[in-house]
Amino acid sequence: MTLAVVGVSHHTAPVEARERFAFGNAEAIRALGGLREEAGLHEAVLISTCNRTELYFYPAADPAALEAGAAVLRNKAEGVEGSADRYLYRKQGLDSVRHLYCVSAGLDSMVLGEAEIQGQVKVAYELATRVPVKPSMAGPVLHRLFQTALSVGGRVRSETTIGQGAASVATVAVELAGKIFGSLESRRALILGAGANAELVAEALTRHGMRGILVANRTHERAVDMAERLEGAAIPYDDLPSRLEEVDILVTSTAAPHAVLSLEAVRGALPQGRGRPLLIIDLAIPRDVEPAVGSEPNVFLYNVDDLREIVDDTLDRRKDVLPVAERIIENEVEAFRRWYAGRQVVPLIRSLRGRWDGMRDQELQWLWQRLGHLSPDDREMVERFSERLLGKLLHEPTVRLREGAVNGRVADFVEAVRYLHDLDPAGLDLAQDEDEDPADPAEPEPESLTESDET
Amino acid sequence: MIHYVALLLYISALTLWVRSLLSGGRGKLAAFAFGIAAAGVFAHAAALARFTLLHGELPLVGLAPSLSTLALVIGAGLLATIGLGEVRRVGIVLIPLVILMEGLAVALGVQPAEGVLDFQGAWFALHVTLAFAGFGGMAVAFSAAVLYLLQFSTLKAKRLGAAFRFLPPLATLDRLGRIGLVAGLIALTLGLALGWAWTVRFRNSFQPTDPQVIWGMLTWTVFVSALVMRGRGSQHERRGALATVVGFTVVVVSYVVLRLAASTGGFFL
């Protein structure tokens with residue numbers, strides 16, 4: 001199988017190296033555009049995310065082709081410390097198929113099972129279809145590879161629990177908020193401390209519909225800056241207790257050496273107790289909120305250890321289902337192998353069909369000369385009859401040829417069929433790449449692999 | 001026969017809901033469970049419609065027919081959540097109630113009570129239907145409250161497992177509980193008023209010591225208490241949920257006690 005991938009990922013390169021390899025959308029389209037002419041790569045798709053840059057290409061029949069693929073990434077990474085080559089990995093044949101399936105299913109991600117990568121794989125495929133060359137850089141082999149990869153990603157996520165649970169502190173916070181408040185649109189959050197972690201949580205809340213986030217910080221200017229980024233409002237740091245009644249979520253992340261929110265302060269701010277739930281996410285070390293606050297009615301207090309424990313638990317549970325996910329992927333890799341092997345007999349099937357179609361036309365001409373009295377409807381009926389008969393006659397040989405190819409007996413079959421039907425050997429090169437896969441003449445047209453395959 | 005089909009469908013739905021709970025609400029099991037439960041409600045309705053056609057009276061009198069009708073009303077309450085996504089998962093609490101009542105009705109035999117000519121007519125039918133609707137509203141509120149307390153305890157204990165993922169958000173459950181209580185209280189109030197009017201109109205008497213009257217007033221008081229405990233605008237969600245669960249339990253237990261002690265025998269619901 002002359003299919004390959006060359007790439008760099010979080011497994012092989014630190015972030016400062018990975019960012020050198022990253023392609024923007026326009027850059028990716030430009031890079032793909034020259035590959036056919038310059039490197040003889042007929043098909044290519046480039047995935048570029050913050051954790052990986054990978055070039056899938058076809059054909060990669062020899063080391064030179066593989067080197068041409070690697071050069072695309074190497075050229076992009078000019079300026080990377082040391083040799084760019086030391087970060088690159090290369091996979092060929094079924095290994096490259098397996099790799100993409102793992103990537104799409106989130107098995108190769110930094111956070112096991114994360115779902116974002118599937119969308120990024122889809123975007124990469126779509127970018128390849130937008131490269132202004134004919135035929136498309138997302139040709140039949142990579143089209144099939146990427147559509148099945150998206151489908152495999154969907155299968156793994158729907159048939160296992162690999163995508164379940166929150167796998168980062170920010171997503172845990174959002175999940176908790178969602179399970180307490182439902183929609184976040186009408187809820188209020190207060191961020192205490194303008195640290196990066198708190199901002200990540202605040203951004204995640206904003207992405208889930210929360211508006212008007214309040215920010216308080218000892219240095220008020222930093223609070224103002226963060227509030228502007230979040231389209232919220234900055235409030236004085238000392239307002240915290242008096243604001244407790246009106247907010248639903250409190251995220252704390254100050255650098256204070258002691259707790260900034262004590263049980264006494266909470267009880268003082270809420271003398272009647274808290275009737276509605278209050279979610280407190282304490283991201284600070286040392287903790288900003290006294291643990292006793294969590295025992296107050298309707299107060300849900302989670303500190304950074306609680307959140308990490310939830311994340312670790314999620315990741316452990318995801319690891320537990322890895323064998324199931326890998327089994328799904330192996331089945332799909334085998335399905336791809338069969339499809340790919342079946343392509344080898346495409347020229348033969350096409351030639352066979354062409355020969356018999358020619359004979360059918362000749363015989364129909366002979367018939368029309370002798371049955372000139374037939375009405376157009378009758379002629380059409382006879383034509384359809386001949387088509388159907390030919391389809392049925394060729395159905396079984398077509399199926400058997402494909403099976404033979406899948407089972408590695410393609411050379412024997414080609415020779416036998418060529419001899420029996422006196423076919424021109426020139427058009428029957430097994431290594432030849434075909435853009436079209438002729439349908440089985442007796443079967444309905446196969447469903448095209450469109451984006452609807454993605455789940 | 002149709003009652004058995006309905007029961008079977010209810011039990012199947014409950015099994016699916018439990019499986020969905022164990023898997024953390026993954027996949028379409030919960031939606032499928034709702035579909036099966038809905039089929040059960042339709043079969044149940046068909047069984048009671050057949051009863052009405054066969055006997056020429058509504059299944060509102062006598063313990064077994066009344067229980068079956070009440071179960072149907074609760075099932076209909078579940079159907080009312082059809083467009084509310086995760087809220088439909090209250091079925092995991094509602095359906096066992098339905099199974100219990102319908103199972104009991106089937107065990108007793110859903111047959112018309114003898115000597116019930118007194119209990120006929122539109123007034124009576126409306127009175128019982130509204131009272132049942134009130135109880136149905138309370139059952140929905142009870143289910144929401146049970147799930148609220150479960151979700152609350154998982155969040156407090158920081159056990160974000162399968163139950164956490166299966167259960168709807170606290171705010172959603174609180175809203176459903178409030179709607180169930182308010183709608184139920186309105187229906188029950190109207191039902192009680194009609195019952196009083198019916199008693200005065202057709203029996204020329206109103207006995208405050210009648211177990212039915214005691215139970216009706218107790219249920220009404222429980223409704224009002226649960227709403228008062230919640231505070232205005234759901235100020236005290238958890239307290240309201242606790243009050244609903246306790247209130248519903250009081251209503252059911254008091255019914256059993258009164259039913260056993262009732263001198264009116266089979267005519268008390």
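Predicted model: local features only at pLDDT ≥ 70, side-chain atom pairs only at ≥ 80, totals over all residues.
Across the interface of chain B and chain A, twelve residue pairs turn up in polar contact, both partners at pLDDT 80 or more. On the chain B side, the elements that put in two or more residues are helices H5 (122-157), H6 (162-166), H7 (170-203) and H9 (237-261).

As for the extent of the interface, 25 residues of chain B are in contact with 28 residues of chain A. About 1900 Å² is buried between the two chains, with carbon and sulfur atoms giving 54% of that area. In chain B, the biggest losses of area to chain A come from Arg26(B), Lys158(B) and Arg165(B), which together make up 30% of what that side buries.

The rule finds one salt bridge across the interface, and a salt bridge joins the side chains of Lys158(B) and Asp306(A) at 2.8 Å, N to O. Lys158(B) sits in the loop between H5 and H6 of chain B and has a positive phi, near 60°, despite not being a glycine. With a relative accessible area of 32%, Lys158(B) counts as partly exposed.

Asn298(A), another non-glycine residue, has a positive phi of about 65°. Asn298(A) lies in the loop between strands S9 (278-282) and S10 (299-303) and is buried, at 7% relative accessible area. There are also cis peptide bonds, from Tyr58(A) to Pro59(A) with omega near 0° and from Lys134(A) to Pro135(A) with omega near -10°. Pro59(A) is in the loop between strand S3 (52-58) and helix H4 (63-76), while Pro135(A) is in the loop between helices H6 (116-129) and H7 (140-159) of chain A.

Conventions: Residues numbered from 1 in each chain as written. Chains lettered and ligands numbered in written order. Heavy atoms only, no water. Contact = heavy atoms within 4.5 Å. Buried area = accessible area lost by both parts, 1.4 Å probe. Salt bridge = Lys/Arg side-chain N within 4 Å of Asp/Glu carboxyl O. Polar contact = N/O pair within 3.5 Å; in protein donor to acceptor, adjacent residues only side chain to side chain. Helix = DSSP H or I, 4+ residues; strand = E, 2+ residues; numbered from the N terminus. Buried < 20%, exposed > 50% of the residue type's maximum accessible area, 1.4 Å probe, protein only.
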